[in-house]
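Here is a short briefing on one protein chain. Please look at the sequence and the structure first, then read the points below.

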Amino acid sequence: ADVNDFFSFKNTIDNISNDEQKQTSNYLQPIEAFARTTYKSIYVIDYQEKGFEYVSDNPLFLCGHSATEVQEMGYAFYFKYVIEEDLNLLLKINTVGFDFYEKIPLEERKNYTISYDYHLKNQEGKKILINQKLTPMFLTDEGKIWKALCLISMSPESNAGNIKVYKKGDNKIFNYDLDGDFWKETQVIKLSSREKEILQYSTRGYTISEVADAIFVSPDTVKFHRKKLFDKLDVANISEAIAYATNNRLV
């Protein structure tokens with residue numbers, strides 16, 4: 001395997017037109033601002049240049065390097081720090097992901113996000129399971145992904161894989177079955193009235209204790225329902241739960 005294996009021929013970009021170039025005016029500024037306010041690692045993939053255009057300073061993704069060093073390494077970073085079996089997994093995800101994406105109507109392609117888990121091995125040799133979510137930012141006129149935003153966080157799962165595709169505003173999840181080699185659609189997520197209450201108060205900035213007082217239950221009860229909510233939405237914290245529920249109109 002080499003770097004080119006990560007770049008599907010279905011998404012090959014030979015050149016960028018002037019109109020396409022105009023999309024990107026100052027686009028990194030809000031990303032840099034967001035990176036300063038989140039615990040997640042953020043990076044931007046440029047599929048024309050076959051590398052990273054931006055890497056945030058969050059150490060989770062850096063494996064002991066500076067952000068600049070990882071940006072310069074580009075996809076060589078994966079070959080150095082992703083464990084071998086998961087490197088093959090990433091190549092598989094790349095193939096099935098672009099196959100899925102190619103079937104999406106052009107006008108809807110920016111609304112999709114793919115999520116998956118893989119192991120990084122840091123400079124001390126310690127393995128950590130991370131979750132990566134990738135969503136298109138800029139497309140060519142032909143609908144190919146030019147630049148994509150990636151968010152890295154600790155995975156709540158115990159194993160690599162867990163390949164899922166979400167569409168903004170559409171309460172569906174497509175899971176990829178690695179054993180059967182096919183996509184399957186999961187049931188629509190439904191929240192209980194209690195879970196919706198907790199989300200609604202949380203969006204207003206209420207703490208666990210304040211939510212408990214507002215709905216007349218104990219803080220432990222709120223924690224119990226939050227955990228069920230996180231498991232149901234496949235998220236790691238209340239901020240992600242709020243974002244997912246808002247994007248998919250669950251509240």
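Glutamine 21 is partly exposed, at 42% relative accessibility. Here buried means under 20% relative accessible area, exposed means over 50%, and partly exposed lies in between (1.4 Å probe, protein chains only). The model is predicted: local features need pLDDT of at least 70, side-chain atom pairs count only at pLDDT 80 or more, and totals for chains, interfaces and linings use all residues. Residues are numbered from 1 along each chain as its sequence is written, and side-chain values use heavy atoms, with hydrogens and water left out.

- Glutamine 21 sits in helix α1, residues 18-22. Helices (H or I, at least four residues) and strands (E, at least two) are DSSP runs, numbered from the N terminus.
- Setting aside residues up to four places away in sequence, glutamine 21 touches Ile16 and Trp146. Contact means heavy atoms within 4.5 Å.
- Glutamine 21 and methionine 154 are separated by 133 residues in sequence and by 34 Å in space, C-alpha to C-alpha.
- Serine 25 belongs to the loop between α1 and α2 (28-35). Serine 25 is exposed, with a relative accessible area of 54%.
- From serine 25 to glycine 74 is 49 residues in sequence and 22 Å in space, C-alpha to C-alpha.

**The whole chain**

- The chain has 9 helices and 8 strands.
- Its radius of gyration is 19 Å, close to the 18 Å that the globule rule gives for 251 residues, so the chain is as compact as a globular protein of that length. The radius is taken over C-alpha atoms, and the rule is 2.2 Å times the number of residues to the power 0.38.
- Along the principal axes, the C-alpha atoms fill a box of roughly 60 × 45 × 45 Å.
- Of the 251 residues, 49% count as buried.
- Among contacts in the chain with a separation of 6 or more, 57% join residues 24 or more positions apart.
- The chain exposes about 13300 Å², and carbon and sulfur atoms supply 47% of it. Accessible areas come from the Shrake-Rupley method with a 1.4 Å probe; for residues, only the protein chains shown count as cover.

**Nonpolar cores**

- The largest nonpolar core has 58 residues. Such a core is a set of buried Ala, Val, Leu, Ile, Met, Phe, Trp, Tyr and Cys residues joined through side-chain atoms within 4.5 Å.
- Helix α5 (residues 84-102) gives the most to this core, with 9 residues.
- Which residues have the most contacts inside the largest core? They are Tyr43, Tyr47, Tyr78, Tyr118 and Leu120.
- Beyond its neighbours within four places in sequence, leucine 120 is in contact with residues including Leu60, Phe61, Cys63, Phe77 and Ile130.
- Another core, of 15 residues, lies apart from the largest one; among its members are Ile189, Leu199, Phe230 and Ala245.

**Two buried polar residues**

- Aspartate 46 is in strand β1, residues 41-46. Aspartate 46 is buried, with a relative accessible area of 7%.
- A polar atom of the aspartate 46 side chain lies 2.9 Å from the backbone nitrogen of glutamine 48.
- Leaving aside neighbours within four places in sequence, aspartate 46 is in contact with Phe7, Gly51, Glu53, Trp146 and Lys147.
- Asparagine 94 lies in helix α5. Asparagine 94 counts as buried, at 12% relative accessibility.
- The backbone oxygen of phenylalanine 6 is 3.1 Å from a polar atom of the asparagine 94 side chain.
- Asparagine 94 is also in contact with Asp5, Phe7 and Ser8, among others, leaving aside neighbours within four places in sequence.

**Cysteines**

- How many disulfides does a search of the whole structure find? It finds 0. A disulfide is a pair of cysteine sulfur atoms within 2.5 Å.
- The sulfur of cysteine 150 is 15 Å from the closest cysteine sulfur, in cysteine 63, so the two are too far for a bond.
- Cysteine 150 is buried, with a relative accessible area of 0%. Cysteine 63 is buried too, with 6%.

**Positive phi angles**

- Most residues other than glycine have a negative phi.
- Cysteine 63 has a positive phi of about 55°. Cysteine 63 is in the loop between β2 (51-55) and α3 (67-73).
- Asparagine 162 has a positive phi near 50°. Asparagine 162 is in strand β6, residues 161-167, and counts as partly exposed, at 29% relative accessibility.

Definitions and conventions: Polar contact = N/O pair within 3.5 Å; in protein donor to acceptor, adjacent residues only side chain to side chain.
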